[in-house]
Amino acid sequence: MDTGSYGTGEVAVAADGTKSDTDVANSEADVAKDEAPLGSRAPEFVRARRMLHLSWQVAIFVVGLAVVVAGVIMLPLPGPGWIVIFGGMAIWATEFVWAQLVLRWTKRKVTEATQRALDPKVRRRNIILTSIGLVIVAGLVSLYVWKFGFEMPWNIKNQ
């Protein structure tokens, strides 16, 4: 909700070090003003006519739903499923506030995950865990080949 009060961003802190609810809300408003405003991005002449705007929203919803369904179908099949799903969400976000909020949350989480993944400690841990996993898989495959040869499991007789 835009109250129109964009202060200096100063936050009063009580003697015990806590912030009041209004101070926290003001600091969140300062963060929110960096992002695009929520709401319909339909052309002004469409928003001015109620039935046309409702038809516009239905069309946006149907197109976005088709793109999201196509993305869900692509998840088990070859294709960029998640990218298409987020594309459908972006289509919905041109008209619906809930989709705009979901996209903002998703962008924030992806950015946080990217920053964590670039941390040298996390990268080193991931490389070590991947190496251990590959050694275990190689050992299991070697054991299988030593015991049964290059025979497929369903073709092995008298185990």
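Ala99 touches Met89, Trp92 and Ala93, leaving out residues up to four places away in sequence. The model is predicted. Ala99 also belongs to the largest nonpolar core, which has eight residues. Helix 4 gives the largest share of this core, three residues.

**Nonpolar core**

- The eight members of the largest nonpolar core are Ile60, Val68, Met89, Trp92, Ala93, Phe96, Ala99 and Leu103.
- At least two residues of this core come from each of helix 3, helix 4 and helix 5.
- Phe96, one of the core residues, has a relative accessibility of 15% and therefore counts as buried, the limit being under 20%.

**Helix 4**

- Helix 4 runs over residues 81–93, and its 13 residues should span 18 Å at 1.5 Å a residue; the end C-alpha atoms are 18 Å apart, which agrees.
- The buried residues in helix 4 are Gly81, Val84, Ile85, Gly88, Met89, Trp92 and Ala93.
- Helix 3 (50–74) and helix 5 (97–117) are among the elements that cover these buried residues.

**Gly88 and its contacts**

- Gly88 lies in helix 4 and is buried, with a relative accessible area of 0%.
- Gly88 and Gly64 are 24 residues apart in sequence, but their C-alpha atoms are 4.6 Å apart in space.
- With neighbours within four places in sequence left aside, Gly88 is in contact with Gly64, Val67 and Val68.

**Aromatic pairs**

- The structure holds six aromatic pairs.
- One of them joins Phe96 and Trp98, whose ring centres are 6.2 Å apart; the planes meet at 25 degrees, so the pair is stacked.
- Phe96 is buried at 15% relative accessibility, whereas Trp98 is partly exposed at 42%.
- Another pair is formed by Tyr144 and Phe148, with ring centres 5.2 Å apart and planes at 50 degrees, so this pair is tilted.
- Tyr144 and Phe148 are four residues apart in helix 6 (residues 120–148), and therefore about one helical turn separates them.
- Residues three or four places apart point the same way because an α-helix has 3.6 residues a turn.
- Tyr144 is partly exposed at 28% relative accessibility, and Phe148 is partly exposed at 30%.
- Phe61, Trp92, Phe96 and Trp98 are linked into a cluster by ring pairs.

- Thr106 is located in helix 5, and its relative accessible area of 15% makes it buried.
- A polar atom of the Thr106 side chain lies 2.8 Å from the backbone oxygen of Val102.
- The count of salt bridges comes to one.
- Lys109 and Glu112 form a salt bridge, and their closest N and O atoms are 3.7 Å apart.
- In helix 5, Lys109 and Glu112 are three residues apart, so they are separated by about one helical turn.
- Lys109 counts as partly exposed at 38% relative accessibility, and Glu112 counts as partly exposed at 33%.

How values were computed: Residues are numbered from 1 along each chain as its sequence is written. This is a predicted model: local features need pLDDT of at least 70, side-chain atom pairs count only at pLDDT 80 or more; totals for chains, interfaces and linings use all residues. Side-chain values use heavy atoms; hydrogens and water are left out. The expected span of a helix is 1.5 Å times one less than its number of residues. Buried means under 20% relative accessible area, exposed over 50%, partly exposed in between (1.4 Å probe, protein chains only). Contact means heavy atoms within 4.5 Å. Rings of Phe, Tyr and Trp (its six-membered ring) pair if their centres lie within 6.5 Å; planes under 30 degrees apart count as stacked, over 60 as edge-to-face and the rest as tilted. A polar contact is a pair of N or O atoms within 3.5 Å; within protein, one must be able to donate a hydrogen and the other to accept it, and residues adjacent in sequence count only if both atoms are side-chain atoms. A nonpolar core is a set of buried Ala, Val, Leu, Ile, Met, Phe, Trp, Tyr and Cys residues joined through side-chain atoms within 4.5 Å. A salt bridge is a side-chain nitrogen of Lys or Arg within 4 Å of a carboxyl oxygen of Asp or Glu.
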